[in-house]
Every structure is written in C-alpha cells, then in structure tokens.
Amino acid sequence: MTMDANELPIRHLATLDADAKAAMVLAAEQAVAYRAGLQDGPAAPQARPAQMGGRFDGDLAAKGEAAHDVVAGMVDMAGAGLHHHASPRFFGYVVGGSMPVGVAADFLVAAWGQNAASSWETPSTALMEQAVCRWCLDLLGLPAESGLGIVTGATVANTQGIIAARDALLARQGWDIGEAGLFGAPQIPVIIGQDAHSAPMAGVRYAGLGLGNATRLATDDQGRIRLDALQNALTACENPPLVILQAGQINTGAFDPFAQAIPMIHAAGGWVHVDGAFGLWAHAVPALRDRLAGVDAADSWAVDLHKWLNAPYDAGLCIVRDRSALVSAMTARGAYLPALGETWEPSESTLELSRRARGVPSYAILRHLGADGVREMIARHCDLALYLAAQLTAEPGIFVLNDVVLNQVAIACETDEVTKEVLRRVQERGRVYPSHGEWRGRQIIRASIINYATDRAAIDELVLEIVTAHQAVMGG
Ligand SMILES: *Cc1c(COP(=O)(O)O)cnc(C)c1O
C-alpha cells in the first residue's frame with residue numbers, strides 16, 4: 001500500500017526553520033542558566049523517582065509539538081529530578097564536573113553530526129581526537145606508540161583492554177580466537193586484587209573468561225595487592241595469565257605496587273592490564289608521580305576522560321601498548337573502510353562503528369586548561385583532600401580511615417549507625433553531596449574531590465555540614 005501524500009504532514013523542509021533555530025538557541029540559553037545556578041544552588045536533587053509525579057509517563061501523542069516547545073517543556077519538567085553532579089560541592093562517587101568549555105564543544109559535536117568512524121570521512125573531528133590521544137599519552141606518561149580507543153568510559157575501556165589481552169595471550173599459544181572462538185581454547189588464568197573496582201570484573205565476564213575462575217589476590221590495609229599473594233598466584237599458573245592491577249582504589253585512592261608487580265608478571269609471560277579510571281591522572285603532577293612508578297611497563301590501561309579531566313559524559317580511553325593487539329581485537333573490517341595503515345582509525349579501536357565524535361569535548365578542555373592547567377587542577381584536588389582530612393580528624397568522633405594519597409577520603413564516625421545518619425542528614429540538606437561506601441567492614445562517607453570548580457570554600461562547607469550533622473546526631 002502506498003502512502004497518500006496528504007496522510008503524513010512533512011513539517012520541516014528547511015534544514016533550519018525558525019522553530020528549530022529557536023529550539024537550539026533556547027537549549028543553549030537554558031544550559032548557561034543551569035550552569036550559572038550551580039555556583040550557589042544545591043548539590044542534591046530535589047526529587048527522587050517517587051517524587052517525579054509521573055510527569056514523563058504519558059503516551060506518545062499522535063501529533064508532534066514545535067521544537068521550541070519540546071525543549072522548553074523538557075527544561076521545565078526535568079529540573080527537579082536533575083542531580084547536580086557538576087556542582088563544585090558534589091563529592092559523590094568519582095565523577096567529573098562536565099567542564100563548560102567541553103559542554104560547549106559537545107554542542108558542536110551534536111550540531112556537526114559527524115559519524116566519527118573514519119578519518120577520511122570526517123577529518124576534522126578525527127584529527128582533534130588524535131590530538132587528544134597524543135596529549136593524553138604525554139600527560140599520563142604512557143608509551144607514545146600505544147593504540148587508543150576513545151570509548152564511553154572506564155568500564156568499556158577495561159573491557160576492551162581485557163579483550164585485547166585475551167586475544168593476544170591466546171594468539172601467543174597459537175589460538176586464533178577470531179576464527180576459532182573461545183570454546184575449546186587454552187585456559188587464560190585471570191588474577192585480580194580483592195579490592196578491584198567492579199568494572200574490570202565485569203570486563204572479565206564480558207570477555208568470556210569467567211569471574212569464578214579468577215584468582216582474587218589478598219590486599220593490604222589500603223587495598224593494594226600483596227606481592228606474596230601475587231607470587232603464589234603466578235607460580236600456580238599453567239598458562240600465561242592476565243593480571244589486572246589498579247591505579248586509584250575507589251575508597252582509598254591507593255595504587256598497586258607496579259614497579260615490583262609488573263616485572264614479576266612479565267617474567268611469567270603474563271599480560272598486565274591497569275584499571276586507572278581516575279588514578280592514572282596523578283602522573284600529570286610531578287609530586288604525585290611516585291605513586292605510579294613502573295605503571296608505564298604495563299600492556300594496557302583504562303582511563304576516564306569524564307572523571308578527572310572533567311569532560312562531559314561519556315568519554316574514556318582504552319590504551320594498548322601493542323596497537324595491533326587492540327586493532328585486531330576491535331576491527332570489523334568492511335570493504336568501505338580505509339585499509340589498515342599507519343594512521344589511527346577511530347573504528348579500528350572501539351567496539352562501535354558509527355559513533356559521535358566523543359573525544360572532541362576533551363580536545364576543547366585540554367586546549368583550555370593547557371598542560372599547566374591540568375596539573376594545577378589535579379594538584380589542587382589532592383591538596384584539598386589532605387586539607388579535608390585534617391579538618392575532619394580535628395573533630396572528636398570523626399575519623400579518616402585511609403591514607404590520603406590522592407583525592408579520595410573515607411570518613412567514618414563512632415559507629416556505622418552514626419555514620420549512616422550523618423550522611424543521611426548531610427545528603428538531605430543537599431548543600432554538599434558526598435556518597436556512601438563500605439571499607440573494611442565499616443560504613444563510610446566517601447568524599448571524592450574531582451570537580452574542576454571545587455575550591456577551599458567548597459571543602460569548608462563540606463566540613464561544616466558533616467561536623468554540624470555529627471554534633472546534632474550525637475546530641476551536642
Ligand atoms: C569509575 C571507575 C570505573 C568505571 O568507570 P565508568 O567510567 O563509570 O565506566 C572503573 N574503575 C575505577 C577505579 C573507577 O573509579
């Protein structure tokens with residue numbers, strides 16, 4: 001049946017009619033207003049799902065609305081349910097602050113509408129992304145010849161690194177996984193610390209290696225793997241293993257002992273993958289580099305751009321020393337794609353083919369900050385973490401459980417009940433927003449100092465909120 005030309009109205013014949021233009025301008029204006037409001041506004045959302053009042057529950061209407069009205073309505077309806085992750089007083093999880101220059105660049109990414117898979121098709125965005133890769137390798141102190149995939153974040157970066165490791169370890173044993181698959185393949189022992197993040201463990205599952213088969217290494221009081229446990233695990237391996245190390249434990253900020261561990265793993269023929277979602281950025285600050293000593297000898301690394309670089313979501317890097325290991329794991333070669341040459345091809349380094357030019361906002365942020373600005377930001381956050389710890393431990397009944405070596409501070413009160421009640425009150429007031437965690441069997445209030453705009457005044461407010469809530473809970 002052919003459609004009657006009158007049945008469906010074709011509303012927009014112009015590439016940019018007045019309504020579309022008004023919608024784009026309104027979105028930009030509203031974005032600016034939102035960001036301006038973060039300076040003094042709350043850090044917590046006004047509404048949780050139960051308070052959203054079904055405002056997004058309606059059926060899809062038969063008739064469309066004007067573009068401008070859609071945007072205006074979204075701004076109106078979304079406000080209460082926005083969590084202000086970009087606030088300088090948001091200290092939850094480990095999340096960046098979507099720096100405005102990166103957000104502005106993200107507008108352009110969306111407007112340019114580049115399908116960023118091929119450097120030949122979309123040279124401007126591909127070259128900007130290549131600059132991001134080059135600059136980040138330099139800032140992170142990782143080998144310049146590495147292959148990089150610009151991915152959605154550290155979960156995918158870890159997964160891709162683990163897949164590249166899996167394929168390379170099997171290839172060294174004469175097994176072509178691309179042809180033969182995983183069934184019947186030689187075993188790959190997986191070794192990972194007891195205090196690893198859940199993301200690389202998910203990567204182990206996604207790569208078909210089976211988390212149940214992994215050896216979990218004992219860790220010390222800061223969550224670092226123990227070298228004696230590593231040696232025992234390596235000795236027990238019948239085949240070359242995949243060992244996953246960590247730069248930046250989520251509760252303590254601690255770093256695994258790379259300088260000792262990596263040579264041991266390589267002596268056993270193993271592949272070292274490092275989850276450094278935020279911790280790898282410590283290399284940008286000379287005074288913090290000792291924490292990462294030896295990490296550049298690993299085989300692959302995962303790092304986020306949307307955490308410490310403060311890029312808008314979603315952006316991270318999968319970095320593999322042997323570029324061909326990454327490319328052969330990720331390529332989905334088709335006749336219309338450029339041949340594998342010396343140039344970096346976006347689609348050869350990630351799981352996706354079509355994708356947005358998600359590295360471009362980081363290009364803008366890196367140009368805006370410069371290397372000095374990146375260094376200053378990371379150094380400031382680590383200084384502020386020490387300042388926070390000193391302020392809090394001066395208060396009777398409040399304790400910092402970790403050695404503050406980076407930007408993470410694990411805070412506890414007299415008992416788990418008091419800690420939880422203090423956090424509940426602090427979050428409910430919403431001026432600052434740390435989040436909960438658990439460390440060595442204790443409930444903690446976890447503060448991550450990572451937002452580009454966080455300054456000493458923001459930390460003073462965090463201290464005041466926690467101390468005041470603690471005194472109220474203790475009846476003081
Ligand atoms: C945040 C984080 C991840 C996961 O990163 P996403 O960007 O959320 O996918 C992995 N490892 C560590 C150590 C992290 O802090």
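In this predicted model, the axes of helix α8 (residues 227–235) and helix α9 (residues 258–267) come within 11 Å of each other and cross at roughly 5 degrees. Angles under 35 degrees count as roughly parallel, and α8 and α9 are therefore roughly parallel to each other.

**Cavities**

- Rolling a probe the size of a water molecule over the atoms shows where empty space is left.
- The count comes to 2 cavities of 30 Å³ or more.
- The largest cavity has a volume of about 40 Å³.
- Its lining consists of I192, G193, D195, A196, G223, I225, I244, Q246 and D256.
- Two strands, β3 (190–193) and β5 (242–246), each supply at least two residues of the lining of the largest cavity.
- By residue type, the lining of the largest cavity divides into 4 nonpolar, 3 polar and 2 charged residues.

**The largest pocket**

- The largest pocket holds about 1,000 Å³ of space.
- It is lined by 30 residues, of which A27, A31, Y34, V103 and F107 are the closest to its centre.
- The elements that give two or more residues to the lining of the largest pocket are α1 (18–37), α2 (67–78) and α3 (100–112).
- Helix α1 provides the largest share of the lining of the largest pocket, with 10 residues.
- The lining of the largest pocket divides into 20 nonpolar, 6 polar and 4 charged residues.

**Residue H381**

- H381 is found in helix α11 (residues 360–393).
- Because its relative accessibility is 0%, H381 counts as buried.
- Leaving aside neighbours within four places in sequence, H381 is in contact with W308, I449, I450, N451 and Y452.

**Residue S87**

- S87 lies in the loop between α2 and β1 (90–91).
- The relative accessible area of S87 is 0%, so S87 is buried.
- Not counting residues up to four places away in sequence, S87 touches L38, A43 and N451.

**Residue W135**

- W135 lies in helix α4 (residues 123–140).
- At 30% relative accessibility, W135 counts as partly exposed, since buried means under 20% and exposed means over 50%.
- Leaving aside neighbours within four places in sequence, W135 is in contact with Y363, L366 and R367.
- W135 and E414 are 279 residues apart in sequence, and their C-alpha atoms are 45 Å apart in space.

Terms used: Residues are numbered from 1 along each chain as its sequence is written. This is a predicted model: local features need pLDDT of at least 70, side-chain atom pairs count only at pLDDT 80 or more; totals for chains, interfaces and linings use all residues. Side-chain values use heavy atoms; hydrogens and water are left out. On a 1 Å grid over the protein atoms alone, a cavity is a set of points where a 1.4 Å probe fits but cannot get out, and a pocket is an open set with protein on both sides within 12 Å along at least five of seven lines; lining residues have an atom within 4 Å of a point. Grid points are joined across faces, edges and corners, and a volume is the space filled by probe spheres set on the points. Helices (H or I, at least four residues) and strands (E, at least two) are DSSP runs, numbered from the N terminus. Ala, Val, Leu, Ile, Met, Phe, Trp, Tyr, Cys and Pro count as nonpolar, Asp, Glu, Lys and Arg as charged, and the others, Gly among them, as polar. Axes are lines fitted to C-alpha atoms, for helices over the stretch in contact, and angles run from 0 to 180 degrees between N-to-C directions. Angles under 35 degrees count as roughly parallel, over 145 as roughly antiparallel, 65 to 115 as roughly perpendicular and the rest as oblique. Buried means under 20% relative accessible area, exposed over 50%, partly exposed in between (1.4 Å probe, protein chains only). Contact means heavy atoms within 4.5 Å.
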